[in-house]
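Hi,

Here is the structure I said I'd pass on. Have a look at it first, and then read on for what I found.

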Amino acid sequence: MLRSQGLLRTLGKKLNRIPAKNINYKLNVNNNYPVLKQDDSARPHKDLLRILKTMYLNESKANSDKNRLCSNLKQVNKTCPQNIELKEISSKIQTIDNESVLPEPKTKLANSTELIHKAKLQMESLNKSFELLISHQVDKRDKITYEQLEFDLKHKQFNSKVKAYIDVCCNSGMLDKAIRYLNNLMEDSKRAEHDFITDVQVFNRLMFELAKYGQTNQITKLFKTMRTSADARKQIKPNLSSYTAVIQSIGAQLEKSDLEKKANQFRLTLERVIFDIQKSSYTLDDLASSMYLSSEQQYFIKKALNLLLPSFEFKYAPVTNLDNPLLARLRQPVEKKKGVVNEKIYPREMIDKKMIMENFESQLREEQNLMIQVPSIRSLSNTELKTKEKNDKIKAILLRHFREMITKNFFKSLELLKKSKNPNSEFIVPFLTVLEPNVYIDILMKQVVKLAQSSEYFSANVNFYALELGTILENKYHEYLMVKNKDIEKIRSIYDKYVDYHLAKQQNSFENLNNYREEWMTIMRENDLFKSNFEDQWPSQIRLNVGKYLLEEIIFKSCRIDKNLINPYAKTSKQKYEFAFHKIFRLAGVYKDPQVKCHPLLFRIFGSNLIFESNRMPMITPPMPWYMSNQGGYFLSKSNLLRLYGEAANEQKLLVEATNPQDMYPVYDSLNTLSSCAWKINQSILDLLIDIFNQDGNKELEVPEPEYKGPDVPRFPNRKLTKEEYKEFYSRIEKAKKKRAEMHSLWCSELYRLSIANMYRDKIIWFPHSLDFRGRCYPIPPHFNHLGSDISRSLILLAEGKKLGPTGLNMLKLHLINLTGSMKKSTLQERLAFANSIIDEIIDSAERPMTGRLWWQKSEEKWQTLACCMEIRNALQSAKPEEYISYFPVHQDGSCNGLQHYAALGRDQDGAKSVNLYPSDRPQDVYSTVLDLVEEQRRSEENINEYAMLLAGNINRKTIKQTVMTTVYNVTFYGAKLQILRQIEDLKNFPQDKAKEASAFIAHKTFKSIRQLFSSAREIQDWFSECAYLITRVRDCALKWQTPLGLPVSQPYFRTVNVQSSKRNSLSTTKPDSLKQRNAFPPNYIHSLDSCHMMLTSLYCERAGITFVSVHDCFWTHACSVDEMNRICREQFVALHSLPLLENLSKFFMDNYKFTAEEIENQSDDEIRRLMVGFNEKLESVPKKGNFDLAKVLESVYFFS
């Protein structure tokens, strides 16, 4: 890059010698290459270099492009005379072409640009067509200035801080202080320009606190304060919650005062409030249906309104959603089918109410403790055991000393804070006094232990630990509120009744009973057990400031180590201390990054501890069902419905909150079905894995090896090295370090997984689930769950058992063969016959896993194969295999599921056949089908293309599999080329100097074959990309849509934009990244569809009494239930795609993004008006569909198999 800039400067010096005159030219872009041509317009020649440099830096992305442009510029530089005609430069630069991104082979590739540049040129053409409209829309938007951005940012931070401060003051018994603070803010004329309140929630929080005590007059004063500002910006409009607080305060007054004396006054106040509610476009029905009010609040509100409206009652929305056509059959009675095993065998932990409630109380205690210590499975030698005993004694001494010093310093620093005149110090006092002092000290001690676990070679940013500490404190604060508001007692009461429902459902799952969410909400309403749902998060700046104060002022200054502990043989009469933690500065680019470093002694003593947050661990009792976007999963620990962070998370969170709660019920119900599945540990596999892990792992069996078995890190020799030798040594050192770091990371992950599994080996566990932004479901515990690796999946069994029945044993055998991955093209009958022929190998693997013939180790999924071998062995050894109680989950996988959805969307007959939507005698393998087409094209070019000749016999299914699989994820040509290159590099007899060109050749043919095979799918994918690009560019917003089950989706792809001030200061803001929005929409929309299919299958399986678990497009159930689950799976796929999905998506786009008739009519420019109409037409131009009959999916055996 620097060399190219130097060439441009040199060329510029020569150009500047041209006599001052106007030179006619224009700079065009042809496929990202700068090309100079003559033009009639006149511009100064000095602009040439600036434009040329800009085009080069911005448009020439690929390395080959840069090299070729650089070469041309060199040629110009060499031949450039003192006085040069611009046309000479033009003629030289015009020689650059972009016929192909492939290096020119000896023989030209036939039609090589047909697919390689198609998507790129398509977007360029689209951009060019709508360029005027995009520019027009950009010009209409207000360009944000640095000053405006700074003002908005500081104003938003100010409101968030004040809201959190008021809330904490109210909850810590400092109501008067909160009122004084608010009044001072409103009256202070010297405050900064951006420091004024616009968030109505600040006043609402204070009003609800005053309402508890019936302080209606104080609330009235707050209303006046909100409305009386002379500055229109500072006037705050009350919302429904504001009026609700007034009504609640009247109800509280009625509870205390003589009704007869003040009845008329109360009635007048209520009439005025109701008038204001209606004037503000609200109704009492909105108030009556609110789900955010606690039971106590509802009591006082009803008491007040009954004074004026005796018939007023809270009206709750139905707990059932009957509007969605996909859910219509859920309410129909389910009949027991003959030959289907329905009886389930439950462990005592699931049927003994006393034990369930004991586990519930244990779960509450774990969540209150915030952290869980997990015993490590790592075996220790005798020497290590002695060292551990010694370290445990030192640890006890240190912890006792740390606690004493932290307690002393906490009270001392708190007193200094209270006396401080510094506004910032005074501001954090309520956050450090709202809880009991011992709570803060316990949190600090847990953080000390966590800090002491960090490696002596690793340190993290101070702000990272400070923010983490502030977040822990916030979680403890929310728990304190639950105790204060008696919410924990309400949860306990609801759960007690909920367990009765759970037990009844287990006894008879065919009765038309409520689902988990419906029952929880029914219990809550019938028993008036509503808990408050106003839980605003502390802003990150407050969490950071409070955490930083506790970290730097308490932990750093309190935790010191006696040197005599480090070296007991050098004891002195005086105690000498070293700080346990200190701040260091590491270079991070050009900045010095402050980081936390712990004393080496602490790491040696505490490093073996495994401590995890309680809300990242499995639960030991059925989770709370999701019934709101902020209520579900864990009982006390805060669970997020969406797995998103930052600005994107806030945007989609607001979308979910704005959605009608009933529309979200199907999503909640599916999450609850997955979360309600109980698991137990496969102890036979666990014991074997622990033994292998403690014997330094096994690379062949995918059990990670410890770091010391990795490559040795080379040392520099004691001699002077040449530059080449130094580079080689440095490269070898970095590779060795990287490999050892990867090995250590994998080893630690496996240690966590096995240790957690070992801790729960005799318990029944549950995995609460949440969603990603597309609606895909994931378990919340990250370290151990069924979505993990082959080892993770082999470690768990279903806690509910079912008899194998007449078909279960065969399903286990088929599942075993599927796990090996060796017979994907064979029929089910052939797979079953093969399984029966190797029964001896299966039994040998089960009985002698490490000493036998080791058949299981040849499988793709080794550990799951071994677990299945053990299950088949156990069934065969039972007296009657059909009576054998099996807990083993059997999987059914979709056949390239993304392409299945594309084929169904486009009703593509050929595509449907290749991905098993169409019934056939044998399973169709889409990868083999594409391979045949690629091979056919290769053979046709053997005589004209050297790469076609070289690749003869070297292209197999594995070569193109990943590219075909990721086509649905909008893989680029460059990405596909890299995928194929990795496969070619593994070929021993292929000339590696030709590998890059050959991979490009195969990628080109693969794309062409996929387009040929899935013609409708490509048209749909192109329409998706075009709509996404235009919407984000023209409307300048993140792309949104709604799934068929009601989840609103917003794509979280933004780019950072720096806005500079006149003083060269800069602030960053975010704007939608149109490129990522475009590329990501096709796969994300398909993911949202496969999530809906999974959710529908889960809901209908739960209704049919079938245990159901999923790993995205892989569905799990008992062996005896596979046939029934397969039937439901097919029915729901057909039901989903029978909806006009593309038409509904187009309608959503039109409803939210189209140009209205009024906008088009008001546009004076005819060309822009034409483009507006064209924009609308593009959103409406749904691709045509083929003639595939969806009902054929019901007959397809290999659709999911």
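By a polar contact I mean a pair of N or O atoms within 3.5 Å, where within protein one must be able to donate a hydrogen and the other to accept it. Keep in mind that this is a predicted model.

The side chain of Asp-772 reaches the backbone nitrogen of Arg-776 at 2.9 Å, and a polar contact of 2.6 Å links the side chains of Asp-772 and Arg-774. Asp-772 sits in the loop between strand S15 (769–771) and strand S16 (777–779). Is Asp-772 buried or exposed? Its relative accessible area is 7%, and the cut-off for buried is under 20%, so Asp-772 counts as buried. If you set aside neighbours within four places in sequence, Asp-772 touches Leu-642, Arg-643 and Tyr-778.

Lys-486 isn't a glycine, yet its phi is positive, near 60 degrees. Lys-486 belongs to the loop between helix H22 (462–484) and helix H23 (487–507), and it is exposed, with a relative accessible area of 55%. Asp-528, also not a glycine, has a positive phi of about 50 degrees. You'll find Asp-528 in the loop between helix H24 (516–526) and helix H25 (540–558), where it is partly exposed at a relative accessible area of 39%.

Now for some helix packing. Two packed helices are described by the angle between their axes and the distance between the axes. For helix H37 (residues 897–906) and helix H44 (residues 1015–1034), the axes come within 8 Å and cross at roughly 90 degrees, which means H37 is roughly perpendicular to H44. On the H37 side, Tyr-902, Leu-905 and Gly-906 make the contact, and they meet Ser-1016, Ala-1017, Ile-1020, Gln-1021 and Phe-1024 in H44. Sorted by class, that contact has five nonpolar residues, three polar ones and no charged ones.

H37 and H44 turn up again around helix H41 (residues 957–967): the cover over the buried residues of H41 includes both of them, along with helix H39 (926–940), helix H42 (973–984) and helix H43 (995–1013). Which residues of H41 are buried? Thr-959, Ile-960, Thr-963, Val-964, Thr-966 and Thr-967 are. At the start of H41, a side-chain oxygen of Asn-956 comes to within 3.1 Å of the backbone nitrogen of Lys-958.

Cheers

How values were computed: Residues numbered from 1 in each chain as written. Predicted model: local features only at pLDDT ≥ 70, side-chain atom pairs only at ≥ 80, totals over all residues. Heavy atoms only, no water. Axes fitted to C-alpha atoms, helices over the stretch in contact; angles between N-to-C directions. Helix = DSSP H or I, 4+ residues; strand = E, 2+ residues; numbered from the N terminus. Parallel < 35°, antiparallel > 145°, perpendicular 65-115°, else oblique. Contact = heavy atoms within 4.5 Å. Nonpolar A, V, L, I, M, F, W, Y, C, P; charged D, E, K, R; others polar. Buried < 20%, exposed > 50% of the residue type's maximum accessible area, 1.4 Å probe, protein only.
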